[in-house]
Structure formats: C-alpha cells, structure tokens
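Please look over the sequence and the 3D structure shown here. The briefing that follows goes through the model topic by topic.

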Amino acid sequence: MTRVPRPGLVIFDNDGVLVDSERIANAVMADLLTGYGVPTTTEEAIRDYMGGSMALVRARVRERHGSDLPSAFEDAYHQAAFAAFRAELVAVAGVSDLLDALVAADIPYCVASSGTHERIRLTLTTTGLIDRFADAVIFSSQDVAHGKPAPDLFLLAAEKMGFAPEDCAVIEDSPLGVTAARAAGMRVYGHTALTPPGRLADADALFAAMTEVPALLGL
Ligand SMILES: [Mg+2]
C-alpha cells in the first residue's frame, strides 16, 4: 500500500462531520418549506440542500419551484433549528478521538462551514466541542461572497491558517462540499453518513466512521 502523505492542515466541515445535525436540520427545513407551499420531505431536503448556505437554498427554491421565499425564512429556520439542536444535538461519534489524534500528530485543524457563525458556535457548544476550536479557526460562509460549491471558503481557511491548498485535507459529507474542496485543489475525504456514496464519488476516499480517518490522513 502506498504511504499517504500527512496533510499540513485538516479542514473540517461542521454539519454531518463534527456535529450530527443534518437529519435534525433537514427535518426542520422540510417542514418550513412545506409550510411555505413548497412540499418537501426530509430526504429531499438532504438530497437538494445539505451542505449549502441559506442563500443556496433560497436560490434553488426559486430556480426549481419558481417560489420566492418570504424574508422571514432565514430567521424562522434558525429559530426552529436552534431549538431542535439544543434539545437533541450530539457530536458525530469518534470526532473527539480524531481531534486528539491530530493534536498528538501536531497537525492543526479548523472548521469551514456553510452555516452562520452563530449556528457553528451553537452546535459546537451544545455538543461540547467548542473548547477544541479557538475563534480564529472557525470559518463561515458569511466570511466569503460565494459559499460551497465555490472554493472560496476552503481557500480562505487555508490562507488564514497559513497553508497552501495542496497541503490541506478536507473532511466533508455533502456533494456541495466535495465539489468545493476539489475546486480549491485540496484532497477530500467523504463521510457517507446520509449521502449515497455515488454522489461523493469525486472524493479521494470515502469513510463510514471517524475511526477510519486517521489511516486516510497517514497518521
Ligand atoms: Mg456537511
């Protein structure tokens, strides 16, 4: 087996990678869109919007359904999602051990998420992971003009952390995120929790459990 070069920096997506939020968040999204007259199931929300920013959801609903969502959409979504997160959100199994392994190997890491800074902080706090992420290593789609699938957010994270794109490894779980990492010129590993593996086929490798990631990173 070829030896895998260790990355200089590991960039984590948040939802579905660090925190197990996607089923909760997409159930909220499906209910809300259905209430706005765009009938949507949780599975459809996962398929069409997972990994994207609120701006992407708004644009796709306009494009596919011809509906302009009301201006209250973003606030209503965040209010309902945050309440559900406070009640039931947990970390993805094995994440804490993976972060320990990176610290032991002296490899820095950061988070680059389509969520707002408020959402990232709330989910990391609720799951007890916030102490593992200093303010300076949290990057949100709010920090760039174009969110995933554009490469901008991953490129910003790499630049601020002081690494070239080719030295970065991205951990993602959505097709939008894999596309963004590829466009940024980074290697990317795909978590197949909620996404059919075929939709993450552009990733360098896929994994079903966090315990598989250290080997993928050459640790
Ligand atoms: Mg995700």
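A contact, or touch, means that heavy atoms lie within 4.5 Å of each other. By this rule, and not counting residues up to four places away in sequence, Met54 touches Met29, Phe73, Glu74, Tyr77 and His78. The structure is a predicted model, in which local features need pLDDT of at least 70 and side-chain atom pairs count only at pLDDT 80 or more, while totals for chains, interfaces and linings use all residues. Residues are numbered from 1 along each chain as its sequence is written, and side-chain values use heavy atoms, with hydrogens and water left out.

**The chain as a whole**

- The protein chain has nine helices and six strands; helices (H or I, at least four residues) and strands (E, at least two) are DSSP runs, numbered from the N terminus.
- The radius of gyration of the protein chain is 17 Å, close to the 17 Å that the globule rule gives for 219 residues, so the chain is as compact as a globular protein of that length.
- This radius is taken over C-alpha atoms, and the globule rule is 2.2 Å times the number of residues to the power 0.38.
- Along its principal axes, the C-alpha trace of the protein chain spans about 50 × 30 × 30 Å.
- Of the 219 residues in the protein chain, 51% count as buried; buried means under 20% relative accessible area, exposed over 50%, and partly exposed in between (1.4 Å probe, protein chains only).
- Among contacts between residues at least 6 apart in sequence, 66% join residues at least 24 apart.
- The protein chain exposes about 9,700 Å², and carbon and sulfur atoms supply 52% of that area.
- Accessible areas come from the Shrake-Rupley method with a 1.4 Å probe, and for residues only the protein chains shown count as cover.

- Asp13 counts as buried because its relative accessibility is 4%, and Asp15 is buried with a relative accessible area of 6%.

**Buried residues and their contacts**

- Met54 is found in helix H3 (residues 54-65) and counts as buried at 13% relative accessibility.
- Met54 and Thr116 are 62 residues apart in sequence, and their C-alpha atoms are 9.0 Å apart in space.
- Ala158 has its place in helix H7 (residues 152-161) and counts as buried at 1% relative accessibility.
- Ala158 touches Leu9, Ile11, Phe163, Cys168 and Met186, not counting residues up to four places away in sequence.
- The C-alpha atoms of Ala158 and Ile11 are separated by 8.1 Å, although the two residues are 147 residues apart along the chain.
- Phe133 is found in the loop between helix H6 (117-126) and S3, and Phe133 is buried with a relative accessible area of 3%.
- With residues up to four places away in sequence left out, Phe133 touches Leu18, Leu99, Tyr109, Cys110, Val111, Leu124 and Ile138.
- Phe133 and Cys110 are 23 residues apart in sequence and 7.1 Å apart in space, C-alpha to C-alpha.

**Exposed residues and backbone features**

- The C-alpha atoms of Gln79 and Val28, 51 residues apart along the chain, are separated by 9.9 Å.
- Most residues other than glycine have a negative phi, and most peptide bonds are trans.
- Asp106 has a positive phi of about 60° although it is not a glycine.
- Asp106 lies in the loop between helix H5 (95-104) and strand S2 (109-113) and is exposed, with a relative accessible area of 69%.
- The peptide bond from Lys148 to Pro149 is cis, with omega near 15°.
- Pro149 has its place in the loop between strand S3 (138-140) and H7.
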